[in-house]
Amino acid sequence: MSGRDQITLEVIKNRLDSVADQIALVLMRSAYSPIVRDSLDYSTAVCDRNGRFVAQGLTTALHLGSFPYAMRNLIGKARSGMRPGDIFIFNDPYGSGGMHLPDIYLVKPVFVDDEVEGYSTALVHHADIGGIAPGAMAVYATEIFQEGLRIPLMKLFAEGEPNQTVFDFISANVRIPRHVIGDLRAQVAGIRRGEQGLLEIIGRYGARNFDEFCSALHEMSETAMRTVIAAIPDGDYDYTDFIDGLGEKPEPIRFQVRLRVRGSDVDLDWEGTAAQVPAAINAPIPFIYSASYLAFRCLAGHEIPNAEGYTVPISVKAPTGTIVNPTPPAAANARGIVGFRAFDTVLGALSKAVPGKIPAGSEGGAINFGVGGRIDGEAYVFGETTMGAWGGRSDRDGIDGAANLAANQSNQPIELIEAENPLRILQYGYVKDSGGAGQHRGGLSILRQYRFLADGLLTFRSDRRSVLPAGRSDGLPGTPNLNLLDDGNGAIRTLPVLPMEGYAVRSGDIFSQFVPGAGGYGHPFARDPMAVLEDVLDEKISRDYALLFYGVVLDGDRLDPDRTASLRRDRPVFPNTSHLELLWKEMVGLIPELHCSAPFEAAREG
Amino acid sequence: MIYMQSARSLKIGRFVTKNASVRIGIDIGGTFTDIVAARGREVVGIVKLQSTPGDYSDAILDGLGRLLAAGRIAPEEVRAVIHGTTVATNAILEGRGAKAALITTRGFRDVLELRRIRTPELYNFWYEKPPPLVPRRRRLEVTERLEPDGSVLIPLDEDEVAAALGRCAGAEIEALAICFLHSYANPEHEKRVADLARGTLGSGVFVTASHEILPEIREYERTSTTVVNAYVGPVVRAYLQRIADVLRSLGIAAPLRIMQSNGGTLGLEAVLRVPAAIVESGPAAGVVGGALIARTLASSDAITIDMGGTTAKAALIQNGSVSRTSEYEVGAGINVSSQLVKGRGHALRLPVIDISEIGAGGGSLAVVDGVGRLRVGPHSAGSVPGPVAYGRGGRVATLTDALVTLGYVSPTSIAGGAVPIDSEAAVAAVSGQIAEPLGVAAHHAAQGIYVVAAAVMTRAVKAVSTFRGRDPRECTLIAFGGNGALMAPQIADELGIRTIVVPPLPGLFSACGLIVAPNERELVHSLFGRLIGLSQATIREELDELAARARRELVEDGSSPEAIEIEYSADLRYAGQAYELAVGVAARHLDRDLVAVLAAAFHDEHERTFGHSSLQDPVDLVSLRVIAREASPIADLPTFDYADTGQRPDGIRDVFFGPEAGVCSTPVISRSQLRRRGESPGPLIIEEYDATAVVPPGWKASLDEAARLVLVRQI
């Protein structure tokens with residue numbers, strides 16, 4: 001490509017990014033459900049004539065890598081039957097290219113002179129898709145048939161005409177049709193905007209040139225990724241991580257990856273990963289592609305062009321029948337947890353390959369919370385995600401209260417939640433003495449506490465209570481999740497991370513959910529004592545914690561440098577759950593009704 | 001650089017208005033302090049000098065002193081001094097705001113720091129979150145709780161309030177923010193704490209409660225807005241009082257008026273109640289000026305593009321009115337799209353002119369990255385070291401260096417000779433850093449930088465137009481700022497725009513905008529409910545009450561009652577949606593069935609903005625808005641003719657206009673030379689003190705009756 005074309009390419013890239021952003025914006029601002037409009041659990045992409053994405057909106061990172069799989073499937077099955085004005089719809093992970101049922105893909109082929117020259121697409125996590133429990137987060141579904149409406153690949157619009165049958169089917173199968181149909185309408189409007197934008201670009205440069213520029217974007221993106229991979233020393237890098245397990249007596253679910261780095265190619269092999277489970281956390285393969293790509297995408301830095309070419313040097317193998325490549329009819333609605341864990345596992349392997357470039361373990365991904373029921377005969381469904389602790393990094397602290405890198409979703413405004421749902425939020429804030437100590441400490445745990453103001457069915461998905469977020473380079477591991485249900489009858493119940501049942505809650509019950517704290521980086525005694533003092537003054541850690549884990553002695557609100565120096569002469573090896581005692585004190589402080597002993601006997605570093 | 005036009009050297013006589021009031025606009029940016037004085041429509045003095053960041057009032061004292069010394073205006077003739085300032089924004093960007101505390105509902109002190117938790121970038125392991133303006137140690141919780149309808153669930157614990165105020169006093173805070181959950185529905189708890197605080201802490205502490213400035217649902221946004229107000233309050237107060245002192249010391253008795261982010265001005269006292277309302281003060285003035293121009297054009301829809309050294313700012317003008325938004329973040333630096341990428345700064349939900357800002361300006365660095373991509377910005381050489389061409393130590397090629405290489409910018413000097421240009425160094429930088437890696441000739445590389453920069457700026461324009469369902473092709477592009485008129489033709493090409501207007505004094509246009517800006521008070525009232533369930537009478541009553549209050553406040557602020565106009569609007573959305581659309585209500589429709597009027601207007605606006613609507617779906621009213629406005633006594637932009645400014649453009653120079661047109665021998669003329677020539681085809685360069693405009697081949701240029709440069713595309 002000549003230098004002059006290089007310039008045009010940069011202009012086209014700007015235009016394409018603008019189109020993807022525009023789809024995202026229409027969706028965000030005109031959607032009806034909190035999970036779309038506030039949590040931003042959706043993704044948008046603009047694809048070339050081969051269905052390869054050339055731009056993506058700034059939305060849910062863990063979705064983005066699923067488009068290639070979905071588009072290949074669509075083109076393979078439907079290419080010859082595409083007509084101008086068509087919009088395709090699908091969500092079924094088995095045979096249609098979907099990931100799990102709540103995620104509905106819409107794809108609009110963009111025609112110029114009767115030829116498909118590109119695609120405008122959006123994938124939205126819908127607020128409800130029917131199934132065994134409101135909000136589609138029932139971990140205890142064992143087959144996809146319990147999980148709601150399966151939409152095989154078909155046309156939602158045929159030559160511009162809506163397929164009313166499909167709309168009617170969807171309306172009849174979901175609990176809150178007005179929201180779901182409203183969001184679908186926003187999704188359609190979004191990709192129509194995307195189509196207009198794409199047509200403008202193609203109109204300007206001509207279809208053939210546009211296609212050539214797309215190829216050049218892919219090449220550029222691939223070259224950038226190859227440069228990154230080539231900088232990793234050749235070798236095999238293994239890492240094992242776990243999901244805590246299902247139900248009341250959890251058995252760890254193993255994630256095993258081997259990165260084989262050879263020159264500028266890498267191969268991720270998931271051999272050794274656990275078999276699929278009779279619960280809703282199996283992740284159909286596109287999600288694992290997505291998690292694998294994402295880890296490398298982050299390593300490459302955020303300025304690499306967002307074109308599919310970067311996926312070319314990365315190959316992914318996952319044995320059939322595992323939790324990362326299940327066979328039908330495995331249930332999958334709560335599969336997000338597998339994506340987060342697969343991402344963590346790849347990062348763990350990379351931390352061996354390129355030390356210093358990978359943060360310590362995060363909170364482990366979004367916790368999903370859902371409750372629904374009926375008030376005066378009318379259905380209500382509320383769902384949200386909570387998260388927000390980043391692990392320490394080799395040159396800086398982790399982050400208190402920032403969305404997981406793989407999800408980047410917003411929290412929902414408490415006042416809106418309370419105005420629109422029979423819920424009251426009692427507390428939302430940091431938990432002192434949480435997170436992993438380190439030279440660069442991990443982000444703090446967050447408590448979100450709900451009071452139900454109506455009877456309903458509670459479902460949720462969480463993790464990282466026994467296998468804690470990883471510390472790196474002598475940093476301490478993060479701190480555990482905890483889910484507590486207080487039904488007013490005395491003892492507070494500790495609920496499992498991945499419950500194999502829904503809980504019938506009564507108006508007045510209180511549910512408390514602790515987001516895990518993130519892992520620390522570097523030995524805590526190497527931490528700048530002034531930074532420790534700041535954390536004490538900000539009530540993020542206690543004085544006891546400063547003394548025990550950072551070897552920092554304070555004299556009132558001042559540092560005692562001499563005693564600190566003498567205490568820090570040796571660097572102790574901390575038993576890696578020793579920091580949970582102080583945390584428990586803090587948890588009891590936040591929830592005074594807690595009278596049990598700390599339920600952390602199984603906790604260990606990943 | 002100090003540059004000044006004393007009154008005597010200006011020859012303008014065409015619009016002299018005898019005994020008209022003199023207004024002075026003072027616009028302070030990071031680099032320059034611009035002052036324009038006008039008597040009626042007649043410019044009677046302009047000053048442009050380097051800002052004095054240590055104390056910005058120094059440059060004002062200096063500049064106004066020079067203006068008065070020139071003798072064309074006397075201090076007592078001045079009727080108003082209108083000021084646009086970045087003091088509030090700078091306090092946040094530089095972390096130099098007040099030592100503030102926050103009192104909030106027990107259990108929620110981290111709302112401020114947790115924010116919406118979403119990060120503004122993907123794929124970045126090294127992301128850093130902006131630190132909260134009030135650290136956790138000074139975020140104090142007290143027991144109290146309201147329900148969404150405002151009813152009291154837990155009464156306010158006054159002992160805890162007293163204890164919290166004791167801690168505030170002990171910490172020697174300078175400002176206090178108060179924000180309780182659901183206080184938009186019932187301000188009583190906040191009011192009580194504010195009263196106690198004002199009593200306990202004394203008048204030296206700036207106290208602000210959320211219901212006073214933003215009675216709207218959404219706790220983070222309201223808390224953040226309140227905290228920003230507290231954080232900048234004492235700084236803005238001290239600064240404005242200093243400016244008022246400066247005016248007094250010069251014998252100017254006229255009131256100091258301040259530009260707010262929404263494009264209207266208010267007096268000192270009113271601004272000090274909501275100092276956070278002036279964060280976008282400077283950029284707003286230019287857009288207000290743009291709106292005034294748009295009203296005189298055949299189509300009153302326009303897009304303004306304001307480009308200086310580090311950023312380009314775009315705004316949409318519809319029917320001659322500026323577009324506003326309440327979604328804004330202060331301290332965010334640069335954002336591509338004001339709505340999608342959130343989290344870089346601190347939420348500030350006060351009305352602001354909807355401006356999309358992007359990191360591309362004259363000082364933007366151009367680089368060819370590892371994979372051969374040519375990129376321009378967002379990093380900038382700033383004013384120091386600046387572009388290579390300025391010879392102040394800059395080594396990295398910038399957009400300005402590309403403009404010099406192309407021949408757009410004078411190869412010898414700009415700003416009337418004040419800034420020498422080293423064109424050889426500029427060409428060498430573009431050649432070595434960009435042309436060689438790309439394997440093209442230097443002028444092609446420079447053209448590339450120009451085109452890429454324009455593409456980046458085009459994104460800013462799209463963010464305020466196509467992103468909202470507005471077609472930019474139907475708009476006139478109004479270009480100003482030092483570099484606006486150089487970039488405008490390329491941006492217009494990208495967007496299919498056919499007409500460009502460059503006002504006189506493009507480099508001081510914001511100061512001109514200040515002179516013509518109206519006085520304005522905007523009030524919002526949350527009235528949440530299903531539209532169909534509200535009565536015409538309720539809505540009418542609320543609107544009337546808001547209007548009366550806004551009118552009263554404007555009169556207190558010095559406006560004359562009979563000159564005040566009222567503008568009504570409502571924010572609506574479909575039930576379930578999170579974002580509202582503003583729908584205007586014409587005063588003549590106030591007596592109609594407002595429920596029906598609003599519903600119909602909302603469905604239309606939704607269809608227009610998002611491309612879909614649903615007549616069956618229920619519509620919620622969220623809030624009502626009223627703007628009381630008194631127009632500026634100077635209703636037209638000052639005109640200015642560079643007839644006799646000593647400007648001596650170089651005559652003819654070789655300019656590269658891209659691969660198709662190639663190098664053209666291009667006349668370099670002044671605005672007044674263009675007037676003499678009449679309508680002229682490109683290529684042309686129009687050079688003036690504070691800016692340069694380019695007319696490429698395929699465009700023709702003329703000067704209209706108000707000395708505005710009008711470029712029209714021929715092909």
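Predicted model: local features only at pLDDT ≥ 70, side-chain atom pairs only at ≥ 80, totals over all residues.
View 1. Over all chains, a search of the whole structure finds 25 aromatic pairs, a pair being rings of Phe, Tyr or Trp (its six-membered ring) with centres within 6.5 Å, called stacked if the planes are under 30 degrees apart, edge-to-face if over 60 and tilted otherwise. The ring centres of Phe460(A) and Phe511(A) are 5.1 Å apart and their planes stand at 35°, so this pair is tilted. Because Phe460(A) belongs to strand β16 (residues 456-461) of chain A and Phe511(A) to strand β21 (residues 510-515) of chain A, the pair ties together parts 51 residues apart in sequence; strands are DSSP runs of E with at least two residues, numbered from the N terminus. Phe460(A) is buried at 1% relative accessibility, and Phe511(A) is buried at 0%. Tyr545(A) and Tyr550(A) form a tilted aromatic pair as well, with 6.0 Å from centre to centre and 50° between the planes.

**View 2. A cluster of linked rings.** Ring pairs join Phe369(A), Phe382(A), Tyr450(A), Phe452(A), Phe460(A), Tyr503(A) and Phe511(A) into a cluster.

**Notes.** Residues are numbered from 1 along each chain as its sequence is written, and chains are lettered from A in the order in which they are written. Local features need pLDDT of at least 70, side-chain atom pairs count only at pLDDT 80 or more, and side-chain values use heavy atoms, without hydrogens and water.

Notes: Helix = DSSP H or I, 4+ residues; strand = E, 2+ residues; numbered from the N terminus. Buried < 20%, exposed > 50% of the residue type's maximum accessible area, 1.4 Å probe, protein only.
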